[in-house]
Amino acid sequence: MIRVVTLDTVDPTDMAALIRTLYQAFGLGTEFAGEKPVPSEAEGKDGRLDAITLLREVEPVRTFADDKVLYIAGAPLSLPPGPLGEPPCWGFADYGKERAVITTAKLPARGVSEASIETYRRRLAREAIHAIGHLWDLHHCVDARCAMHPSWSQSLAANPDSDLCTFCREKSERKIRLAKT
Ligand SMILES: [Zn+2]
Ligand SMILES: [Zn+2]
């Protein structure tokens with residue numbers, strides 16, 4: 001089961017579209033599990049949220065074995081700087097574990113036209129699938145059309161698809177099957 005939790009208001013029609021796409025991507029029951037407050041421990045002075053602290057301190061939702069929980073924040077996220085400086089942060093996942101967070105702050109503006117809402121939803125779905133993919137042990141993928149391709153990559157299309165490539169999809173299906181047995 002995938003449980004989606006908001007830390008900021010998300011349009012209910014966007015949420016419904018996201019739930020549908022996640023269900024199709026992983027073949028797992030997916031539900032909206034409500035809104036939780038942003039943990040104050042994660043709030044940085046620059047208005048960003050520390051992604052690692054957020055996942056540690058955020059209010060849990062009721063889960064069972066192998067459930068995955070995706071939190072959606074409205075504020076930008078930050079990660080500790082690595083040797084090449086601070087990586088641009090679209091989301092962060094406790095690799096192979098239970099919790100991931102993504103932000104809507106870096107998505108294309110939602111706008112009001114059908115086309116712009118569609119673009120927004122597709123990118124939201126892509127980042128959600130990417131983060132949940134990491135929870136199912138998926139690594140980054142070299143295929144720029146795959147949702148597991150790094151979100152910060154130069155070769156990512158301006159309006160990328162949200163699908164997994166065949167390799168990543170089969171790997172996630174194997175992991176999910178193993179978890180069920
Ligand atoms: Zn990633
Ligand atoms: Zn892939």
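Asp137 is partly exposed, at a relative accessible area of 24%. Here, buried means under 20% relative accessible area, exposed over 50%, and partly exposed in between (1.4 Å probe, protein chains only). Lys175 is also partly exposed, at 28%. Asp137 and Lys175 form a salt bridge, with their closest N and O atoms 3.3 Å apart. A salt bridge is a side-chain nitrogen of Lys or Arg within 4 Å of a carboxyl oxygen of Asp or Glu. Asp137 sits in the loop between H3 and H4, Lys175 in helix H4, 38 residues apart. Helices (H or I, at least four residues) and strands (E, at least two) are DSSP runs, numbered from the N terminus.

The model is predicted: local features need pLDDT of at least 70, side-chain atom pairs count only at pLDDT 80 or more, and totals for chains, interfaces and linings use all residues. Residues are numbered from 1 along each chain as its sequence is written, chains are lettered from A and ligands numbered from 1 in the order in which they are written, and side-chain values use heavy atoms, with hydrogens and water left out.

The whole structure holds 14 salt bridges. One of them joins Asp67 and Arg3 (3.0 Å, N to O). Asp67 lies in the loop between helix H2 (51-57) and E4, and Arg3 in strand E1, so the pair ties together parts 64 residues apart in sequence. Both residues, Asp67 and Arg3, are buried. Glu127 and Arg126 also meet in a salt bridge (3.1 Å, N to O). Glu127 is buried at 2% relative accessibility, and Arg126 is buried at 0%. Asp11, Asp14, Arg110 and Arg121 are linked in a network of salt bridges.

A zinc ion (ligand 2) is coordinated by the SG atoms of Cys141, Cys146, Cys165 and Cys168, at 2.3 Å. Donors are N, O and S atoms within 2.8 Å of the metal (3.2 Å for Na, K and Ca); water is not among the atoms, so sites may look incomplete. Along the chain, the donors follow the spacing C-x4-C-x18-C-x2-C. Cys146 and Cys165 both lie in the loop between H3 and helix H4 (166-180), 19 residues apart. Both Cys146 and Cys165 are buried.

An open sheet is formed by 5 strands in the order E2-E1-E4-E7-E6, with mixed pairing. Two strands pair if DSSP finds at least two bridges between them. The edge strands, E2 (30-35) and E6 (91-93), each pair on one side only. Strand E1 (residues 2-6) pairs with E2 in the parallel sense over 4 bridges. Phe32 in E2 is the bridge partner of Val4.
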